[in-house]
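Student: Could you take me slowly through one part of this structure, the place where charged side chains come together in a network? I would like to know which residues take part and where they lie.

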Amino acid sequence: MKKILNIHSFLSITVLVMLLSGCKRDEGDVILQPRNERDVVEVMQRETKGDFTMFLEALEVTGVGKQLRVEANQNPTKRYIVFAPTNKAFGALLLQLGTASVSQTDITVLTETVKAHIYEIPNAEKNLKLSDLTEGDYKTLQPGRDIYVNFDCDGNPYLNGKTIVAFERVSKNGYVYGIEDVIFQPTSTIAEILNSDPDLAVLNQLINKAGLAGVFADASKSYTLLARSNAALFDVGFDPATFDTPEEIAFLDSVLRYHVIGGRVFGLSVCNEKPYVSLLGQDIQLDAAGIIGGEYNDFVEFTGQNAHFA
């Protein structure tokens, strides 16, 4: 019996050694490790909730992925938040660009797109994650392609007012957030949107008549414009042809300024009834139901380069 037990023990040890030796790392293999010991690229490679092969290929083709991996090992203080589009999202981008694959996409466009999805966490805040951010613009690795982060009433994060974050993964050099959209920064100013939308033609004429067109053409300033349609303006007697005298123009100017809020106000982030300061300098009440000034209910949002309008 003793001999049999010893044989069993020997076989157990042999199997254990074989299993352990089977875990030896070969060239190109990835050692089993918890997520917080993997870099952001490895986390995306192992993710099961989303397929990121196209974004990973873009990272490789552009060399940005190598930069992230090298820095994970050589510069441990460098940490990133990576917003990773799924294959569905990246495929829609390629369709829009008219290219059949990642490898056939213009390298400059590809590099700018990839970098526009990566935010470098400041050294002083190395453990910072998305939920720790406050609402506002954040500079990505691509100059001029900031990401605007805001939150709904339940604390769920949104990117540029619409992109929904599906999940969060931690890595040894930052965080990965799965998203179902490729992030684009709006390219049109409010003035350009007004000029191109026929349903806002009357409002655009009124803005020009009041001399406010230049305000909305400035891409460096952010505003929220509570815009009314042609029919709605005519219903309340705001016909551009009826404003001629200095007094009438001054009245028009004050009314229009009362419909403008400095900064970005997304409907999904309006959680409690509270006043916002208008460009006229007077408060205007907004609440979670989309009621504006106690009477309007028209939170249909369009995003512009220098904010958006509802």
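This is a predicted model: local features need pLDDT of at least 70, side-chain atom pairs count only at pLDDT 80 or more; totals for chains, interfaces and linings use all residues.

Tutor: Residues are numbered from 1 along each chain as its sequence is written, and side-chain values use heavy atoms, with hydrogens and water left out. A salt bridge here is a side-chain nitrogen of Lys or Arg within 4 Å of a carboxyl oxygen of Asp or Glu, and the structure holds 7 of them. The network links D39, E42 and R69. R69 forms a salt bridge with D39, and their closest N and O atoms are 3.1 Å apart. Because R69 lies in helix α4 (residues 64-74) and D39 in the loop between α1 (2-22) and α2 (40-46), this pair ties together parts that are 30 residues apart in sequence; helices are DSSP runs of H or I with at least four residues, numbered from the N terminus. R69 also forms a salt bridge with E42, with the closest N and O atoms 3.0 Å apart. E42 lies in helix α2 and R69 in helix α4, so this pair ties together parts that are 27 residues apart in sequence. As for accessibility, buried means under 20% relative accessible area, exposed over 50%, and partly exposed in between (1.4 Å probe, protein chains only). By that rule D39 is buried at 3% and E42 is buried at 7%, whereas R69, at 27%, is partly exposed.

Conventions:
Helices (H or I, at least four residues) and strands (E, at least two) are DSSP runs, numbered from the N terminus.
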